[in-house]
Amino acid sequence: MRDRRGYIKLWRRFNALDSAIRSLKGEQRWVAVICLLEANWKDHVMLSGGMRVPVSRGSFVTSRDQLAGACGLTVRTIRTALHNLETVGFLTSKATNKFTT
C-alpha cells in the first residue's frame, strides 16, 4: 500500500494557467489533480512480473481502470482526459503491455 501522507502545493490560479488548461472540462481538470496527487515525490522501484521497474520522481504507474476508480469517472472519460492532458502538455505517458507510467 502506498504511503498516503503528505501534501502537494496547488497554485490557486491552476485553472488560469493558459488557454489550453482553461479549455479542459471540469472532469478533465479533476483527472489532472488526481495525477498530481498520485505522482511520486522521489524515485521509486516497483516489482512487476518479478522484475524491478524504476519509477522516477514525478511519475506513477497506473491503468485507466485504476484512474477511473480513483476519480469516479468512466474509463472512456479517463481516456479522453488523458489524451487532452497530453495534448496540452500537462503530462506524458509511456504504455507497456502491463502498465502505464
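User: How many disulfides does the count come to?

Analyst: First, the basis: this is a predicted model, where local features need pLDDT of at least 70, side-chain atom pairs count only at pLDDT 80 or more, and totals for chains, interfaces and linings use all residues. Residues are numbered from 1 along each chain as its sequence is written, and side-chain values use heavy atoms, without hydrogens and water. A disulfide is a pair of cysteine sulfur atoms within 2.5 Å. By that rule the count is 0.

User: Is C35 buried or exposed?

Analyst: Buried means under 20% relative accessible area, exposed over 50%, partly exposed in between (1.4 Å probe, protein chains only). C35 is buried, at 7%. C71 is buried too, at 10%.

User: Which residues have the most contacts inside the largest nonpolar core?

Analyst: Nonpolar side chains tend to be buried together in soluble globular proteins. A nonpolar core is a set of buried Ala, Val, Leu, Ile, Met, Phe, Trp, Tyr and Cys residues joined through side-chain atoms within 4.5 Å. The largest one here has 14 residues, and V31, L67, I78, L82 and L85 have the most contacts inside it. Helix 2 (26–38), helix 3 (64–71) and helix 4 (75–87) each give two or more residues to this core. Helices are DSSP runs (H or I, at least four residues), numbered from the N terminus.

User: What is L67 in contact with?

Analyst: Contact means heavy atoms within 4.5 Å. Setting aside neighbours within four places in sequence, L67 touches I34, F60, T62, I78 and L82.
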